[in-house]
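Dear colleague,

I am passing on the structure below, and I would be grateful if you could look it over alongside the notes that follow.

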Amino acid sequence: MCGIVGYTGYRRAQPILLNSLKKLEYRGYDSAGVAIIDKEMVIHKDKGEIAVLVEHLPKIEGSVGIAHTRWATHGKPSQINAHPFTDCKKMIALIHNGIVENYLDIKEKLLEEGHEFKSDTDTEVVVHLLEKYYEGDLEKAMLKTLKEIEGSYAFVAISAEEKGKIVVARKESPLILGKGNDENFIASDIPALLKETNRITNLHDGEVATITPKSIRVVDMEGNEISKEWKTITWNVEDAERGGYEHFMLKEIYEAPSTIHNTILGRMSALDLGPPLGDDFSAIKMVACGTSYYAAMAGKYILEEIAGIPTTVELASEYRYSSRAHERPLTILISQSGETLDTLGAAREAKQRGCPLLAITNYMGSSLARTVGENRVFYTRAGIEIGVAATKTFVAQLIALYLIALQLAQERHTKNSDEIRRMLDEMRTLPRVAWKVLGMGPEIRELAEKYHDVKDAFILGRGLNYPIALEGALKLKEISYIHAEGFAAGELKHGPLALMSEEAVVLAVAVQDHTYKKILGNIREVNARGSPVIGIGYEGDDNLRKFVDDLILIPKVSNIFSAIPVVLAFQLFAYHVAKERGCEIDKPRHLAKTVTVE
Ligand code: M6R
């Protein structure tokens, strides 16, 4: 996720670009840059937030330009890897949001043809392809270039030979066009444009647009003209930043499908799942805090089932001070921010113990990534999460764990290639599964209305869905302040059953796996103590209805993937309960997004 803006018109482009770009800082802030055509192409870029760029920027004349704020995915955050990129002759400038999956193959060919590269990014190949195909018409060069690109993109390009013109293309990364009077705009998102115009159209996948001060022409990939519908946006800037959602948390829950897609992207073609994880370990230990810890707990089930490797899980704050075991497991540190102090301390400790390390984080260049070494990091590519409660990043962590487990299964031959392929194929359907659960928002809101004033909430799960129950309970605690606890359902009779009463609600995950009958028994036990039960089961499970007061029916998936639809249902439930209770959802009391103290 990066932020992109562009302007062509009669005013000086620089202030317009910078003001608009600031509105997109929530999309990334590890480097920023601008390209403006004055007498020639002028490019400036800096590592760090947009403020750093603004501080260093001289006054640039010119009334056409593009600007970018980066969220690194390929190539660490640095000045060299900041956008825009230029071709060898510095005539074309390009910015990009997305991932070019086949950039290594393209780069190899372009190097042979004599192109010179300056960065480690996937994006730079695209500007050299534009250079290769450019014959005085940037739109034609873009159409030819796109034929070679696999991946997702919002590309924005300008050429010093065609002043006043911006050419853009989109596939799976957002891009909008804004219409003014004798000036036009492009951006990743509506907040960036609202100060300038509210006449907006979305560019769709497979569309290419050529924008000048007086015209906007949109074509398909074959160059056939498409007519666009323009709408007038009535949101204020704050609404727009939340994409029209009432809270960032809700927006981020609804970003799960694209998050799953982005985390998977480029990581499963031809079973080439990634660089080898190695064979210098016979066990895995996962270490994390909070929601990331629950992802680690789920990871234990995932890794043991898919890769057959014994796995233990430890809280980072405990691991740091635990006695040193003699064995050296592969130690996987999970942290969305990559800055949680306890997890960083654990990473250093594991390093000292001589363990092979792997990190799962959402932040390229984070302290965790640097501690374990950039080549030992799995980046989740969920984009920035603003709500304090982790939602889409948890989903992305689960996806990362599935992919790591499949890679280990492949390396260690614990599953044959047909089984691995079948699982990868099913993973590709998970964005659709996620959409279906999110489509149940209104039903889940009704349940939240019914149960929002309970005294306690208990969430039951077994196997893989036990850590998901813990995560569901954490979501409720954090944002609704209801006393909520997750339990392994089999443990109820060993104590927690004493807590059941009519003032509590129980959410029980009853997917039809090998524990199904057992959990139905557990539901009976709590029902007999007067607690109403919301069952979470698969679509078509009419039997479950007989045991529960209310039902959330999620799409049927292979049981190992059930964690994804189940957690989305919990996230929505927690959100709507908190909303009913009038809580401060994005900034719950006493909590910080990233805990950098011990
Ligand atoms: O950035 P991290 O994943 O290391 O953060 C760990 C926890 O602080 C975090 O998951 C916290 O529990 C979440 N806010 C829960 O929603």
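**Domains and ligand site**

Between domain 1 and domain 2 an area of about 1500 Å² is buried, with carbon and sulfur atoms giving 65% of it; buried area is the accessible area (1.4 Å probe) that two parts lose on being put together, summed over both. This is a predicted model, in which local features need pLDDT of at least 70 and side-chain atom pairs count only at pLDDT 80 or more, while totals for chains, interfaces and linings use all residues. Residues are numbered from 1 along each chain as its sequence is written, and side-chain values use heavy atoms, with hydrogens and water left out.

The domain assignment, which is automatic or from a database, gives domain 1 (3-238), domain 2 (242-437) and domain 3 (439-592). The C-alpha centres of domain 1 and domain 2 are 31 Å apart, and their contact (heavy atoms within 4.5 Å) takes 18 residues from domain 1 and 17 residues from domain 2.

As for the ligand, it lies between domain 2 (242-437) and domain 3 (439-592), because both give residues to the shell around it. That shell holds 14 residues, of which the closest are Ser-292, Ser-335, Ser-337, Thr-340 and Glu-478, a residue being counted if one of its heavy atoms lies within 4 Å of the ligand. Among the polar contacts (pairs of N or O atoms within 3.5 Å), a ligand oxygen atom is 2.5 Å from a side-chain N or O atom of Ser-292, and a ligand oxygen atom is 2.8 Å from a backbone N or O atom of Ala-390.

With kind regards

Definitions and conventions. Polar contact = N/O pair within 3.5 Å; in protein donor to acceptor, adjacent residues only side chain to side chain.
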